[in-house]
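Please look over the structure shown here before reading on. A few remarks follow for someone meeting it for the first time.

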Amino acid sequence: MTLPATTTRFGEVVEASIERLLGQCHALYEAPVLGTLVRAGESVYAVVEGVETVALDPTRPIVARGAGAASEAEVYAEHPQLERLLRTQVSLSVIGHREGSDVRQYLPPLPPRIHTFLHVCPAEEVREFFAGGRSDFASLLIRRGMPAGDDVLAAVLRQASAAFEAPGDFLLTASRGVASLLAGDTARLNAIVRRLPLGV
Amino acid sequence: MGVDAASPLGTVVGGSLSRGLDVRLGSAEAVEQAKVGTFVTIQGAGSRYFGIITDLRLDAADQRLASAMADADAALASVLSGTSAYSLATVSLNLTTGVGGEAPQPAKSLPGHFSAVHRASNEDVQAIFGSEDAWHIYIGSPLDMEDTRVCLDLRKFVERSNGVFGKSGTGKSFLTRILLAGILQRGVATNLVFDMHSEYGWQTKTESGHAAKGLKQLFPSRVAVFTMDPASARRRGVQTDFDVQIGYDEIEPEDIAILAQTLKITELGVQACYTLRSRFGASWILDFLKQPSDELSENIGGSSSTLDALRQRLGQLQRLDFMRDHGQGAVKRVLDHLADGRHVVLEFGRYGDDLTAYLLVANLITRRIHEEYRKRTEQALAADGKEPEPLVITIEEAHRFLGPGVAGQTIFGTIAREMRKYHVTLLVVDQRPSGIDDEVLSQVGTRITCQLDNDRDVDAVLGGASGARELKSVLSRLEPRQQALMFGHALPMPVVIRTRDYDEALYAEMSVPGAGAAPGRDKRDLFG
């Protein structure tokens with residue numbers, strides 16, 4: 001994925017805690033990909049740990065409508081109200097915040113307010129956040145015990161590496177940081193490393 | 001070198017004073033630079049510590065690493081190495097200095113966790129081993145520090161008996177030569193060298209084929225070459241000062257006792273020698289060889305077969321060309337030279353391979369020296385006079401003189417044990433230190449050892465040394481040539497060196513008058 005050159009707004013916060021945010025995308029299916037670095041408002045950084053599209057009204061389950069249609073696009077064309085009945089949500093793991101001019105890879109003192117806008121960070125901001133292959137944030141993801149946490153971590157590193165001139169070097173430095181966090185669990189580390197395009 | 005002096009090799013992560021510190025090595029370069037025997041410094045909060053790497057090992061934070069890594073690829077390997085799979089060095093701590101830069105003391109404390117470990121710098125080496133001066137000679141460089149000079153304090157060196165060990169071809173004799181030349185030039189002691197293979201007095205070829213100057217060539221007026229084999233000396237073009245002949249009347253039963261093993265003389269035979277000596281006096285050997293056994297055995301007791309056997313064995317001395325009926329004053333000549341401050345190299349020529357000749361002559365001369373030095377020291381004590389100059393006697397194949405069976409009887413055993421009091425010490429050169437009596441070996445102050453193959457020899461050399469277990473791993477990894485582990489009395493801490501070359505640079509240094517050299521003597525060297 002190529003990162004935008006400038007900040008792109010894609011949605012807003014609809015549930016917020018210090019550790020996790022739930023964001024709703026402004027456009028159906030217009031969610032940033034897994035592992036993308038996202039900024040909520042001006043100061044809170046989070047990564048995309050999940051994306052889901054669900055019915056806007058939980059009491060009205062979605063039913064299949066494509067039995068007679070020739071294509072998926074035709075389904076949407078015949079039922080324009082669908083765009084209004086569905087919403088795409090992103091779950092975000094908070095991994096850092098900004099304090100003045102400094103970027104911190106640990107939890108912010110307070111969560112962002114509801115309706116805070118969510119932005120995909122541009123390449124320059126990604127480089128700033130992960131400067132020098134810093135991977136202190138990884139402990140937040142590793143310790144959270146999400147079922148797919150390791151996949152998320154690998155996706156974050158993959159996405160971030162795209163912002164660097166030498167993605168391989170970034171990945172090696174960052175994975176070595178992860179390795180020291182997972183010093184006692186080589187099997188798990190191996191699972192993460194296997195998801196990375198380490199050009200060794 | 002890849003790692004510059006400023007970047008640390010690693011950090012202290014554990015360990016103990018007795019078993020050594022565990023140092024986690026940092027970068028991949030550091031892992032490859034850290035060798036067994038490398039000299040390191042550790043900067044603690046207040047003190048600075050000095051030690052050497054005695055062991056290296058690989059460790060992993062995850063004890064299941066071996067099984068987890070079974071299917072790991074290069075990517076994982078590169079991530080793991082240096083993080084959860086890492087190298088540890090064991091550093092044996094020896095010395096410490098305070099912040100004020102005072103003289104190094106034996107280490108009794110430890111640097112804290114995460115103290116940085118560096119390779120020792122030139123200044124560190126100098127702070128510990130001193131720099132070249134009136135008493136210190138440059139003997140070699142620490143491992144991988146070619147420009148740094150490790151110096152040996154010769155004054156301390158000659159205070160005790162010393163040993164140079166190493167299997168054949170490891171550079172023992174060149175190392176010995178450097179020591180002898182240093183002792184000579186700095187004037188810390190007088191040398192007497194029993195030169196078994198005629199390699200110290202005059203020039204010999206190095207293994208690479210270059211000519212290496214002998215002591216006589218370096219210090220013409222201060223060294224006298226005595227020879228047991230004038231024919232060999234002439235053939236080699238050696239200028240000798242004196243041809244040594246030994247009289248039968250100079251041989252004592254003690255001299256025969258040391259030959260018992262070589263000449264296969266029984267215990268009874270040795271006892272008979274003492275009886276014969278008391279009966280016939282100084283000329284006991286010749287008288288005994290002339291007399292029939294039957295008559296003798298009646299007169300002095302003992303079976304005639306014992307005497308027959310003894311006669312046959314002693315008869316072997318007659319094949320030695322330097323034997324004469326009466327002594328020609330050779331022993332006195334040696335003593336006079338030594339008393340005069342001249343250094344004596346006694347070459348054995350073709351007798352170098354004849355153990356009987358070597359043992360006999362070395363023992364006989366040394367016994368006289370022992371008597372003389374004892375007398376002079378005692379006189380000096382009584383009259384408050386001048387004590388004799390220290391004397392260093394160099395012997396090769398020392399285990400023949402100092403083996404467990406004979407060390408108790410031979411004069412060399414006595415010297416090793418007690419002669420420091422009388423200003424005579426030994427420089428023992430040997431390739432089989434395990435053959436030397438433990439008690440004697442424990443008296444050897446400074447040990448310089450090149451590579452040794454046999455485990456028993458390694459154990460013998462390290463016997464009684466503090467931190468022997470750690471040093472063993474260092475010693476067993478010495479390179480086969482020109483590397484030596486030095487430790488003991490004259491050295492503040494053990495150190496592995498690459499011995500300096502015996503070359504023009506050394507000749508040039510030796511031509512400068514040393515501290516103890518009388519000016520007159522050096523003028524003689526200059527103008528012949």
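Predicted model: local features only at pLDDT ≥ 70, side-chain atom pairs only at ≥ 80, totals over all residues.

1. **Strand β11(B).** Start with β11 of chain B, residues 190-195. How many of its residues are buried? The count is 6 of the 6, so the strand is largely enclosed by the rest of the structure. Both of its faces are covered. Thr190(B), Leu192(B) and Phe194(B) are buried on one side. Asn191(B), Val193(B) and Asp195(B) are buried on the other.

2. **Neighbours of β11(B).** Which strands pair with β11(B)? One is β19(B), residues 391-396, joined in the parallel sense over 5 bridges. Within that pairing, Asn191(B) has Val392(B) as its bridge partner. Another is β18(B), residues 343-347, also parallel, over 4 bridges. Here Leu192(B) stands opposite Val344(B).

3. **Helices α10(B) and α13(B).** Two packed helices are described by the angle and the distance between their axes. Helix α10(B) spans residues 267-280 and α13(B) spans residues 304-315. They pack at an angle of about 80°, and their axes are 9 Å apart. That angle makes α10(B) roughly perpendicular to α13(B). From α10(B), the contact takes in Leu268(B), Gly269(B) and Ala272(B). From α13(B) come Thr306(B), Leu307(B), Ala309(B), Leu310(B) and Arg313(B). By class, this contact has 5 nonpolar, 2 polar and 1 charged residues.

4. **Helix α20(B).** This helix covers residues 468-475 of chain B. Its buried residues are Glu470(B), Leu471(B), Val474(B) and Leu475(B).

5. **Where chain B meets chain A.** On this contact, 15 residues of chain B touch 14 residues of chain A. Which elements of chain B give two or more residues to that side? They are α2(B), residues 65-68, and α3(B), residues 74-80. Helix α3(B) gives the most, with 6 residues. By class, the chain B side has 10 nonpolar, 3 polar and 2 charged residues.

Note on methods. Residues numbered from 1 in each chain as written. Chains lettered and ligands numbered in written order. Buried ≥ 20, exposed ≤ 12 C-beta atoms within 10 Å, placed from the backbone. Contact = placed C-beta atoms within 7 Å. Nonpolar A, V, L, I, M, F, W, Y, C, P; charged D, E, K, R; others polar. Axes fitted to C-alpha atoms, helices over the stretch in contact; angles between N-to-C directions. Parallel < 35°, antiparallel > 145°, perpendicular 65-115°, else oblique. Pairing = 2+ DSSP bridges.
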